[in-house]
Amino acid sequence: MAQAKLGDEGYRAMFENAGVGITRVDLNGALADVNQKFCDMVGYTPDELLAMPLSKLTHPDDYGQGAAFRGQLTRGNKRSATGEKRFLHKDGRIIWARRTMSIVQDERGDPEYVISIVEDITERKLVEQRQAIEHAVTRLLADVGTIAEAMPRVIQIIGDSLGYAYGARWVIDKNDQVLRSR
């Protein structure tokens, strides 16, 4: 049985209609091609993304992982690499993604570019975060005697988990009939 080759038109249709984001990144870390799903994920148009350094879209705490993966791939240490990272949406939101990167080589076997399959896992990460907060607060409440004892720790757990710098408990001062921070 003869195998049919996928022509440029078929490749482009597959690339553009994929249910996941697809990027092609040059060896310097700049976007060389993106599909519409990836554009939708990060909120930019293809024209805005082309030639943009991937570092501009990467959450600062995750910067360097992709470069390390690209280095391993281009040196031949790995053929593919999978991991999770955060992208920065154009409007500032954080988008969690699971991506699988693979090296594409030219006819001589030299690394040419990296192709990544990018799946938006933001919803899953938010559910995991909420479950972790719920579990930590439930454990805390099981170990303390009063709500008043627990509240400072509950506020700390929620603040740490969500990245807040400050949290407070407000209660009604029954004598003065006003809210006070405690």
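Modeller: Start with the residue classes: Ala, Val, Leu, Ile, Met, Phe, Trp, Tyr, Cys and Pro count as nonpolar, Asp, Glu, Lys and Arg as charged, and the others, Gly among them, as polar. By these classes, four nonpolar, four polar and two charged residues line the largest pocket.

The model is predicted, so local features need pLDDT of at least 70 and side-chain atom pairs pLDDT 80 or more, while totals for chains, interfaces and linings use all residues. Numbering starts from 1 along each chain as its sequence is written, and side-chain values use heavy atoms, without hydrogens or water.

Now the pocket (an open set of points on a 1 Å grid over the protein atoms alone, where a 1.4 Å probe fits, with protein on both sides within 12 Å along at least five of seven lines). Lining residues have an atom within 4 Å of a point. The largest pocket holds about 210 Å³ of space (the volume filled by probe spheres set on the points, which are joined across faces, edges and corners). Its lining is made of R86, I94, W96, T122, K125, L126, Q129, S161, L162 and G163.

Which elements give two or more residues to this lining? They are β4 (94-105), α5 (122-143) and α6 (147-162). (Helices, H or I of at least four residues, and strands, E of at least two, are DSSP runs numbered from the N terminus.) The biggest share comes from α5, which gives four residues.

Take T122 next. This lining residue sits in helix α5. T122 is buried because its relative accessibility is 14% (buried is under 20%, exposed over 50%, partly exposed in between, with a 1.4 Å probe and protein chains only). Apart from neighbours within four places in sequence, T122 is in contact with I94, I95 and W96 (contact means heavy atoms within 4.5 Å). Of these partners, I94 and W96 also line the pocket.

H59 lies in the loop between α3 and α4. Buried or exposed, what is H59? H59 is buried, because its relative accessibility is 12%. The C-alpha atoms of H59 and K85 are 7.8 Å apart, although 26 residues separate the two along the chain.

K85 and R86 come up again with D62. Beyond its neighbours within four places in sequence, D62 is in contact with K85 and R86. D62 lies in the loop between α3 (46-49) and α4 (65-74). D62 counts as buried because its relative accessible area is 7%.

Most residues other than glycine have a negative phi. A51 is not a glycine, yet its phi is positive, about 75 degrees. A51 is exposed because its relative accessibility is 59%.

The buried residues of α4 are G66, F69, R70, G71 and L73. They pack against β1 (21-25), β3 (80-88), β4 and β5 (111-120). Among these strands, β4 is one that helps line the pocket. Just after α4, G76 takes a positive phi of about 85 degrees.
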